[in-house]
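Please prepare a briefing on the side-chain contacts and backbone features of the protein shown below.

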Amino acid sequence: IIQSNGFIRCGMDTDQTYRLQLCRAVAAVVFGDPEKYRLVKLSSSDRFVKLQSRQVDLLLFSDTHTMEREINERTTGMGFTFSDPYYFSGLGYLGYETYVKCAEEQIRYDQCQDLRICVGTDTTHQDILTQYFPSDFMVGVSFDNMTAYLLNGTCNVLVTDSPDYFLEEIVREANGTVD
């Protein structure tokens, strides 16, 4: 199917360089040409649905591979087979120092009672946080809005496995050089 299209459709949440290069590498292997690809913007809510409906051929997303997703992924109701991981990461907090400490130490009282953690909706990050924090400490947002919510005060901490991406975006916004 992919070869009959003449290009590979890579589903991504960001245009991070290493993901783009991985897409180009797959295109080079499949077609002998690293330019035979199309980027498809995805969100955490629609990535598996678009993969299932063949709107994308390759998912290049910060996905956590879980047994649940191999058996019954919740947005599609079906299971997926995952490749070996190409990127290992950990969950971390980014934001205002006092509140980052609150989140890391799971403190929810005194100076930490105003902790608000921005977390991507429909992600394993959200699933993990619900084990440690009541829902009123979390703000579910799309990946694209996380930085804006941190900067406008909706939340004071981001939970992410991609701190470099958010740091670059915060610096661009602070310098007034947002795309």
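Is F80 buried or exposed? With a relative accessibility of 11%, F80 counts as buried, where buried means under 20% relative accessible area, exposed means over 50% and partly exposed lies in between, for a 1.4 Å probe and protein chains only. This is a predicted model, in which local features need pLDDT of at least 70 and side-chain atom pairs count only at pLDDT 80 or more, while totals for chains, interfaces and linings use all residues. Residues are numbered from 1 along each chain as its sequence is written, and side-chain values use heavy atoms, with hydrogens and water left out.

**Aromatic pairs**

- The count comes to two aromatic pairs, a pair being rings of Phe, Tyr or Trp (its six-membered ring) with centres within 6.5 Å, where planes under 30 degrees apart count as stacked, over 60 as edge-to-face and the rest as tilted.
- F80 pairs with F48 in a tilted arrangement, at 5.1 Å centre to centre and with 40 degrees between the planes.
- Because F48 lies in helix α3 and F80 in the loop between α4 (67-72) and β4 (92-95), this pair ties together parts that are 32 residues apart in sequence; helices (H or I, at least four residues) and strands (E, at least two) are DSSP runs, numbered from the N terminus.
- F48 is buried, at 2% relative accessibility.
- The rings of F133 and F137 are also tilted, with their planes at 40 degrees and their centres 6.4 Å apart; F133 is buried at 3% relative accessibility, and F137 is buried at 7%.

**Charges over rings**

- The charged end of R116 sits over the ring of F137, 5.7 Å from its centre, a charge being counted in this way if NZ of Lys or CZ of Arg is within 6 Å of the ring centre and within 35 degrees of the ring normal.
- The charged end of R38 sits over the ring of F7, at 4.1 Å from the ring centre.

**Salt bridges**

- The structure holds three salt bridges, each defined as a side-chain nitrogen of Lys or Arg within 4 Å of a carboxyl oxygen of Asp or Glu.
- D57 and R9 meet at 2.9 Å, N to O, and this pair links distant parts of the chain, 48 residues apart, with D57 in the loop between α3 (47-52) and β3 (58-60) and R9 in strand β1 (residues 8-12); R9 is buried, with a relative accessible area of 18%.
- E35 and R24 meet at 2.3 Å, N to O, and since E35 lies in the loop between α2 (17-31) and β2 (37-41) while R24 lies in helix α2, the pair ties together parts that are eleven residues apart in sequence; E35 is partly exposed, at 47% relative accessibility.
- D46 and K50 meet at 3.5 Å, N to O, and D46 is partly exposed, with a relative accessible area of 22%.

**Backbone angles**

- Most residues other than glycine have a negative phi.
- R54, in the loop between α3 and β3, has a positive phi near 65 degrees, and R54 is exposed, with a relative accessible area of 53%.
- D122, in the loop between β5 (117-120) and α6, has a positive phi near 60 degrees, and D122 is partly exposed at 32% relative accessibility.
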